[in-house]
Amino acid sequence: MAAGVPGERTARTEEAEPRPDGTGVDPNPGEAKKRGPKTRWTDSELVEEIRVVLQESDFLGEGHRKVRARLRAKGMRVGKNRVLRLMRENGLLAPVRRGHPRGEPEPQRADHDG
């Protein structure tokens with residue numbers, strides 16, 4: 001193809017800058033690196049609001065579903081996965097019991113078939 005023909009792929013070496021991590025050339029050197037839509041609240045603002053919701057609670061901790069419902073009641077519409085991620089990263093999830101609900105199960109006897 002001749003130079004300047006529409007649809008032709010050309011190398012953009014003069015306007016591209018190397019990536020900071022050294023993995024190649026960054027095609028958009030001036031843009032922000034966060035993917036997805038711009039959110040109304042930053043993660044740090046949301047974590048502070050989650051802490052307020054947990055302080056207002058009568059219980060030791062709350063799960064992400066209940067926290068999300070209380071945030072929504074305050075007028076903050078936030079996705080469930082984002083609330084779960086932030087609570088997990090900041091250690092804000094309710095404590096969870098691990099193991100068998102009635103203690104450790106008894107080991108099976110060798111002479112018993114059931």
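## S57 in the loop between α1 and α2

In this predicted model, S57 is found in the loop between α1 and α2, where helices are DSSP runs of H or I with at least four residues, strands are runs of E with at least two, and both are numbered from the N terminus. S57 is buried, with a relative accessible area of 13%, the term buried meaning under 20% relative accessible area with a 1.4 Å probe and protein chains only. Leaving aside residues up to four places away in sequence, S57 touches E62 and R70, a contact being heavy atoms within 4.5 Å. The C-alpha atoms of S57 and V67, which are 10 residues apart along the chain, are separated by 9.7 Å.

The model is predicted, with local features needing pLDDT of at least 70 and side-chain atom pairs counting only at pLDDT 80 or more, while totals for chains, interfaces and linings use all residues. Residues are numbered from 1 along each chain as its sequence is written, and side-chain values use heavy atoms, with hydrogens and water left out.

## Packing of α2 and α3

Helix α2 (residues 64-73) packs with helix α3 (residues 80-89) at an angle of about 120°, their axes lying 9 Å apart; the axes are lines fitted to C-alpha atoms over the stretch in contact, and angles run from 0 to 180 degrees between N-to-C directions. On the α2 side the contact is made by H64, V67, R68 and L71, and on the α3 side by K80, V83, L84 and M87. These residues divide into five nonpolar, one polar and two charged, with Ala, Val, Leu, Ile, Met, Phe, Trp, Tyr, Cys and Pro counted as nonpolar, Asp, Glu, Lys and Arg as charged, and the others, Gly among them, as polar.

The buried residues of α3 are R82, V83, L84, L86 and M87, and what covers them includes α1 (43-56) and α2. Just after α3, G91 takes a positive phi of about 65°.

## The chain as a whole

The protein chain has three helices and two strands, which follow the pattern β-β-α-α-α when read along the sequence. Of its 114 residues, 17% count as buried. Among the contacts in the protein chain with a separation of 6 or more, 46% are accounted for by residues 24 or more positions apart.

Key
Buried < 20%, exposed > 50% of the residue type's maximum accessible area, 1.4 Å probe, protein only.
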